[in-house]
Amino acid sequence: MSLTATQCTILMGPNVTVPLPATMTEAIQSIEVTHSDNQRSGFQIVFTVGRCGSALDYSLLKNPLLQTFNRVTILVVFNAISRMIMDGIITHVQLKPSSEPGASTLTVTGEDVGVLMDREEKIVEHSAQSDVIIVNKIIASYAQYNLVSEVIPAPVADAPSPTDRTPVQHGTDLDYLQTLAQRYGYVFYIATGPLFKVSTAYWGPPKRVGLPQRALAVNMGPGSNVASMHFKHNALAPSIVSSQVQDRSTHQVFPVTTFASTRAPLSRGAAVSVNPRQQQLAHAHGLNYQQALAQAQAQTDLSNDQVVTAEGEIDAARYGEVLQTRALVGVSGAGETYDGWYYVKRVSHTLRRGQYQQGFTLTRDGTGSTTAAVIP
């Protein structure tokens, strides 16, 4: 599928994926891909379908490449740079017949490889294993799907003795990985790459450090590369924890208090410093003091992550790059209050012939820029 300065290639298959034949590629109406830092990424491909003569069924509907649970890889070559924007599994196929010539469509929908982690509910004991060991073990069990791990150590090392307690998993592997991540204010997601047809299972804090992407420029006349953009400031979001916990080991009662987010600041005026909401520790039962403090800090960090939210849309041809989710990006032209660095929480890709648009959601911890300029 060709677009201006853009080439899109789709590969499908049950085990080994192969490029779609020209007849299928020509039938594509649109491609949509959505990435998020705390939800499964998804895709949707819409084909134009039809029956020839006395055919009993739509030929495309019978194509073995479009069977559910087949692997799908979507590549975008943009300005001579190839990026894999989806490595997923077909989960739904929808036929929409129409009496109008050429108006019948077949829609193929799917999710990233994480959907395979959500197929079996389990009750599993993880005796004498820390959360990080459990996470690595679960991810390793999906290596046959070309899934590699990137696991960041938890802020608290906790390898419980079998005589003390035994971690027990109730639910699917995906549910448990996300539950363990939330304890520390972490995220779990499946990202494409780093190699072709390989995906990375990331368990760790949101990536709010590193080299930012090219800035999103708004309200800058010919220099603008954003089609639309709006900002929201939620002053009620930030919170701190002021609570108590009875240490599981010593049975002593200790105060558990947080004062600010421990994330790398993206704004000059972190909102937690202005009238934050005071909360109790959400899950204090059965913890020692170090675990309770780590979970309290996670509550505070998560509450401050989305004090300011920016949403908008860009034309990829004007932006000149593929905006990547789960990374940093600069904003310019919005004024001192909302310019500066943001964390890219969500990106959607919409591809049609002659058109490549991206929608985005950015977040940060408050207003005011921490830098005088961003990368143009």
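Ala, Val, Leu, Ile, Met, Phe, Trp, Tyr, Cys and Pro count as nonpolar, Asp, Glu, Lys and Arg as charged, and the others, Gly among them, as polar. The model is predicted: local features need pLDDT of at least 70, side-chain atom pairs count only at pLDDT 80 or more, and totals for chains, interfaces and linings use all residues. Residues are numbered from 1 along each chain as its sequence is written, and side-chain values use heavy atoms, with hydrogens and water left out.

**Exercise 1.** Describe the lining of the largest pocket.

Solution. 
Step 1. On a 1 Å grid over the protein atoms alone, a pocket is an open set of points where a 1.4 Å probe fits, with protein on both sides within 12 Å along at least five of seven lines; lining residues have an atom within 4 Å of a point.
Step 2. The lining has 22 residues, and Thr179, Arg183, His283, Leu287 and Gln295 lie nearest the centre of the pocket.
Step 3. Helix H3 (173-183) and H4 are the elements that give two or more residues to this lining. Helices here are DSSP runs of H or I, at least four residues, and strands are runs of E, at least two, numbered from the N terminus.
Step 4. H4 gives the largest share, 5 residues.
Step 5. By class, the lining has 9 nonpolar, 8 polar and 5 charged residues.

**Exercise 2.** Explain why strand E13 is described as largely enclosed.

Solution. 
Step 1. Buried means under 20% relative accessible area (1.4 Å probe, protein chains only).
Step 2. In E13 (residues 199-204), 6 of the 6 residues are buried, so the strand is largely enclosed by the rest of the structure.
Step 3. Ser199, Ala201 and Trp203 are buried on one side, and Thr200, Tyr202 and Gly204 are buried on the other.

**Exercise 3.** Find the pairing partners of E13 and the sense of each pairing.

Solution. 
Step 1. Two strands pair if DSSP finds at least two bridges between them.
Step 2. Strand E10 (residues 147-151) pairs with E13 in the parallel sense over 5 bridges. Glutamate 150 stands opposite tyrosine 202.
Step 3. Strand E12 (residues 187-192) runs antiparallel to E13, joined by 6 bridges. Valine 187 stands opposite glycine 204.
Step 4. The hairpin of E12 and E13 has 6 residues between the strands, and glycine 193 takes a positive phi near 90° there.

Technical notes. Buried < 20%, exposed > 50% of the residue type's maximum accessible area, 1.4 Å probe, protein only.
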